[in-house]
Each structure stands twice: as structure tokens, then as C-alpha cells.
Amino acid sequence: MATISRPGNTRYDVVVIGGGAAGLSAAVTLGRALRSVVVIDDGRPRNAPAQAVHGFLTREGMGPRALLDAGRAEAESFGASFVEGAAVTVRRSSGGFDVELADGRSVTGRRILVATGLTDGLPDIPGLRDQWGAGVVHCPYCHGYEIRGHRIGVLGTGPLSVHQTLLFRQWSDDITLFLNDRVVPTDEEWDRLAARSIRVVDGAVLSVDTSDGTLTGVTVRGGTSFGLQALAVGTRMEARGALLAPLGLPAQEHPSGMGHSLVGGPMGSTAAPGVYVAGNVSNLAAQVVVAAAEGMMAGAAINADLVEEETAWAVDGYRGAFAAPREAEVSERVLGTRRHGLDDGPVTGASAPAGSDLREGVRRAG
Ligand SMILES: Cc1cc2nc3c(=O)[nH]c(=O)nc-3n(C[C@H](O)[C@H](O)[C@H](O)COP(=O)(O)OP(=O)(O)OC[C@H]3O[C@@H](n4cnc5c(N)ncnc54)[C@H](O)[C@@H]3O)c2cc1C
């Protein structure tokens, strides 16, 4: 098995798994903290199908790939290394953690940050997947502004679909909820939908329709087609965290019912000491800027954790039986100032420096 190691064959301070906004931001923070960092990434960021990143302060409209390329260059400028590939397992070892890649290579780090993001489970409706990230969207804050005033449909996928419909209503007064045999509104929800002038269509959606690559609408059971300019879909979000299961960190059902995520504590810590998480893998709702912020916080927490460990090592050394300060202390107790030949006991000719007043004094006394 090939080992990925730093020059000098030493382990890394930190192995970051996932080079999206969260992982790159952590790598920058750790590089700036003079830590050795390697980022393992298999090049499949969640928003890859999108044309642009919206809602990231100062980076409005930047391409998702361009944003990550800039982040990677920044991390490299602070010394981070990059490895292309998929990490498949993480195990504790004498060096900290061994991370194994799908191609058999491995790398060791004292700490691990998992920033692997999530996958969006899409409804299996013909035509829908091809429009994902273009005519088919999920997040009002990512795409709502760009489709403001458009004819928007919301595909019913579960209990949160009514909430999603009411949110998209903020951006358009032409909204249709397709129940799709998946949503049964309560009486209260019927009133809320009617009060916001939202149309509701019954029946399963059979296809997402396009013309020249552009979404044109949907067709429901019975063959009726509805013209649309955008279709909002709630996806089933699954954390890409299976590689942490051997460490006792399985993905757990999110309380919202939106999917599965890893459970992170303050600043990305987890129940497994030394293992940290950031971004979508532990926060299903994180936008790009939030993922980047979480990566920064986790990087800072990891550095503090390493500082604690190194300080404990230094204290052990400082207090150890043969450590220089300890030796000096013992020497001081046994010999006092005599170890320097300058003790304040009876002066002998031998111990007084030649030519000194003391030696002269001895001579005069003799
Ligand atoms: C269509 C679409 C459009 C979006 N538009 C916006 C928007 O405009 N604005 C916004 O703020 N948010 C947007 N988002 C949300 C955005 O994608 C996430 O907020 C962001 O990607 C989270 O960053 P992350 O670093 O947590 O995960 P990711 O960006 O998904 O990065 C994770 C990285 O880890 C890698 N990886 C995963 N598993 C492994 C492994 N085992 N080994 C090695 N590498 C691995 C992946 O390949 C990927 O590169 C959009 C999402 C979608 C689906």
C-alpha cells in the first residue's frame, strides 16, 4: 500500500477529507496556523450542476468551480497539500488516524476533519435529473432571486413541501403546488395556501418537460401539462459520512426529516476525540458561506486541540526526571552555589580565582 507522507516521511498535523468550501476554509485556517495539512478530495462538490454561487458576500455570481479553484490556490499559498482521490475509511492508529483511499494509498494525520458534504436524493421522475441545478431548484435563498416573478411549481415530496411552497411565494405570485401523491395538506395548510393565492394540483407528476434544454413544465397523471419556468424540489439529503462509521460516528436521521447527517458539537467537534466535521456533512442547511465559516471554526478548534496536546508534551518534558530544568533543580539542592566554584563556604586557595582579592586575602592570612 502506498503511503502519502510529508517530506521527511512524517505524518500530517491534519488530514482534511473533502475540498469544498468547508474543507478549503479549514485548510486555509490551519495553514495560516503553520500546521501541516493535506486535503483529500474526489472533485464532486454538491453545487457542481449550478451555473453560479449566489449569496456569498463579495462573490455573487462566481462559478462554483472558480470559487473552489481560488480557495485551493489560497490554501496552497499557506502550505496545504492536495491529493485527488476518495477516502474510504478512517481508523485510529499510533500516529493518530490512518485514512485509506479507494486506490489503496493511505495517509496519517494527528487530527481528522471530515468535510465531505452531502448527496441530494432526487425524485425519480423522467426529465427531472437533467434539469437539476438549472430549471429544477431546491433552495429559495440560492435561486429565489434569479426566478423572481417567474411561473414556479413546487413538487410535493413530503411534509415540508407546504412550507417550501409558502417560502417560494415570497419571490413570485404565480406558484403552483403539485401534491404528487406525496402531500396531504391539513385543513390549516389548505387555508394558508388559499390565503396566499397558491394553486394546488392533485395527482402524481409523471414527467418534467423541456424544450431545447430549458424546462417548460410538468405533466401529471391523466396527461395534463402545466407550463412552468422553474420547479422547486425538496431533496432527500444524505451526508457523505459512511467512512466515519468505524469510529462510532454513524449518520443520524435529521430531526426535520430532511435526511441524514453526522452529529457535530461546538466548533465541529464530535463524540470521537480528534475527529471534526464541518459543512453539509453535519449541517444539511449550510449554504456555501456557512460551510466556509464552519470550516474556519473547525480549523481553529483543531489547532487549539493540537496546542493543548503539544503543551501537555512540553509539561511532561519539563517535569520529567532527566529534563534540564529538573536536573538544574536537583543540582541546586545538592551543591548549591558550589557547583559554580563560587560557594560561600570556607575559602580555599584552590577555589578562589587566581589573582582575585580572595586569593590574596588567603595569602595574607597565611
Ligand atoms: C444545485 C445547487 C445549487 C446550489 N447553489 C448554491 C448557491 O447559489 N449558494 C449557496 O450558498 N449554496 C448553494 N448550494 C449549496 C452548496 O452546494 C453547499 O452549501 C456547499 O456545497 C457545502 O459545502 P461543503 O464544503 O460542505 O460540501 P461540498 O461543496 O459538497 O464539498 C464536499 C467535497 O468533498 C468531496 N468528498 C466527498 N466525499 C469524499 C471522500 N470520501 N473522499 C474525498 N473527497 C470527498 C466532494 O467531492 C466535494 O468536493 C447549492 C446546492 C445545489 C445542490
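Why does Glu100 count as partly exposed?

## Glu100

In this predicted model, Glu100 is partly exposed because 16 other C-beta atoms lie within 10 Å; a residue is called buried at 20 or more such atoms and exposed at 12 or fewer.

Glu100 belongs to strand 6, which covers residues 96-101. Leaving aside residues up to four places away in sequence, Glu100 touches Val88, Thr89 and Ser106.

## Ligand shell

The ligand is surrounded by 38 residues. Gly18, Gly20, Gly117, Gly279 and Gln287 are the closest of them. Sorted by class, the shell around the ligand contains 18 nonpolar residues, 14 polar residues and 6 charged residues.

Three elements each contribute at least two residues to this shell: helix 1 (21-32), strand 3 (37-41) and helix 6 (288-319).

## Chain overview

The protein chain has 366 residues, and 34% of them count as buried. Its secondary structure consists of 8 helices and 20 strands; strand 6, with Glu100, is one of the strands.

Among contacts in the protein chain with a separation of 6 or more, 59% are between residues 24 or more positions apart.

Conventions. Residues numbered from 1 in each chain as written. Predicted model: local features only at pLDDT ≥ 70, side-chain atom pairs only at ≥ 80, totals over all residues. Near = placed C-beta within 6 Å. Helix = DSSP H or I, 4+ residues; strand = E, 2+ residues; numbered from the N terminus. Nonpolar A, V, L, I, M, F, W, Y, C, P; charged D, E, K, R; others polar. Contact = placed C-beta atoms within 7 Å.
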